[in-house]
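Q: Could we walk through this model together, strand by strand and ring by ring?

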Amino acid sequence: MLKRIAAILLVVLSLSLTGCVSKVTGLKSYVDTGDGYQFLYPNGWLPIAVSNGPDVVFRDLIQQTENVSVVISPVAEGKTLADLGTPTDVGYKLSKSAIAPSDSGREAELVNAEARESRSKSYYILEYAVKLPNQERHNLASVAVSRGKLFTLNVSTTEERWPKVKEAFEKVVKSFSVY
């Protein structure tokens, strides 16, 4: 009798834990305590060494054109994200300065821009359709300001793969937090 109760409790516990984990299945955590940010990224992605660019980059081992990166830029002390503009304003500026600057051969269309609050911080979630000379891509970004710095997390894939990875990429972008 005692063994049967223990077995039932073990099954219930394992099902409960599986239910808790399923929301972030397939995602790993990255934390940068020095710069003060963190996010989730897909399993099977590896860090890539870069110089003179993003603070960190992870790329899919198999689909090597899929990546996530964080760029840190200075902003005037005391400026908030709202001071930089609305989500649409910031999304448009980001498209012109980083995603598709003039003479880059790329075009970026801001598909969606929205604001969200998390742990008393403001974030803008931005979605882009990007055209390169020989490829169409889909980017999601999360932008936040903290301690005089603008943090931009960007996750990118081909337009062809977008429907397959959309849900996971949305989790990545929404997991981004600065402190």
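**Strands, helices and rings**

A: Alanine 129 stands opposite histidine 138 in β8, and the two strands involved, β7 (residues 121–132) and β8 (residues 135–146), pair in the antiparallel sense over nine bridges. Strands here are DSSP runs of E with at least two residues, helices are runs of H or I with at least four, both numbered from the N terminus, and two strands pair if DSSP finds at least two bridges between them.

Q: Before we go on, what kind of model is this?
A: This is a predicted model, where local features need pLDDT of at least 70 and side-chain atom pairs count only at pLDDT 80 or more, while totals for chains, interfaces and linings use all residues. Residues are numbered from 1 along each chain as its sequence is written, and side-chain values use heavy atoms, leaving out hydrogens and water.

Q: OK, and what order do the strands of the open sheet have?
A: The open sheet has seven strands in the order β3-β4-β5-β9-β8-β7-β6, with antiparallel pairing. β3 and β6 (107–118) stand at the edges with a single partner strand each, so one side of each has no neighbour in the sheet. Neighbouring strands of this sheet are turned by 20 degrees against each other on average, direction ignored.

Q: Which helices lie on these strands?
A: Helix α3 (residues 87–99) lies across β6, β7, β8 and β9 and runs at about 45 degrees to β7. Helix α4 (residues 162–175) packs on the sheet and touches β3, β5, β6, β7, β8 and β9, with its direction making about 165 degrees with that of β9. Contact means heavy atoms within 4.5 Å, and the axes are lines fitted to C-alpha atoms, for helices over the stretch in contact, with angles from 0 to 180 degrees between N-to-C directions.

Q: Switching to β4, is that strand mostly covered or uncovered?
A: Strand β4 (residues 56–60) is mostly covered, with four of its five residues buried; buried means under 20% relative accessible area, exposed over 50%, and partly exposed in between, using a 1.4 Å probe and protein chains only.

Q: And what does β4 pair with?
A: Three bridges join β4 to the antiparallel strand β3 (residues 45–47), where leucine 46 stands opposite arginine 59 of β4. With strand β5 (residues 67–74), β4 pairs in the antiparallel sense over four bridges, and phenylalanine 58 has valine 68 in β5 as its bridge partner. β4 and β5 form a hairpin with six residues between them.

Q: Now the rings: how many aromatic pairs are there?
A: The structure holds 12 aromatic pairs, counted when ring centres of Phe, Tyr or Trp (its six-membered ring) lie within 6.5 Å, with planes under 30 degrees apart called stacked, over 60 edge-to-face and the rest tilted. One of them joins tyrosine 37 and phenylalanine 151, which are tilted at 6.0 Å centre to centre and 55 degrees between the planes. Tyrosine 37 lies in strand β2 (residues 37–42) and phenylalanine 151 in strand β9 (residues 149–158), so this pair ties together parts that are 114 residues apart in sequence.

Q: Is tyrosine 37 buried or exposed?
A: Tyrosine 37 counts as buried because its relative accessibility is 0%, and phenylalanine 151 is likewise buried at 0%. Tyrosine 41 and phenylalanine 58 form a stacked pair, 4.1 Å centre to centre with 20 degrees between the planes, and this pair links strands β2 and β4 over 17 residues.
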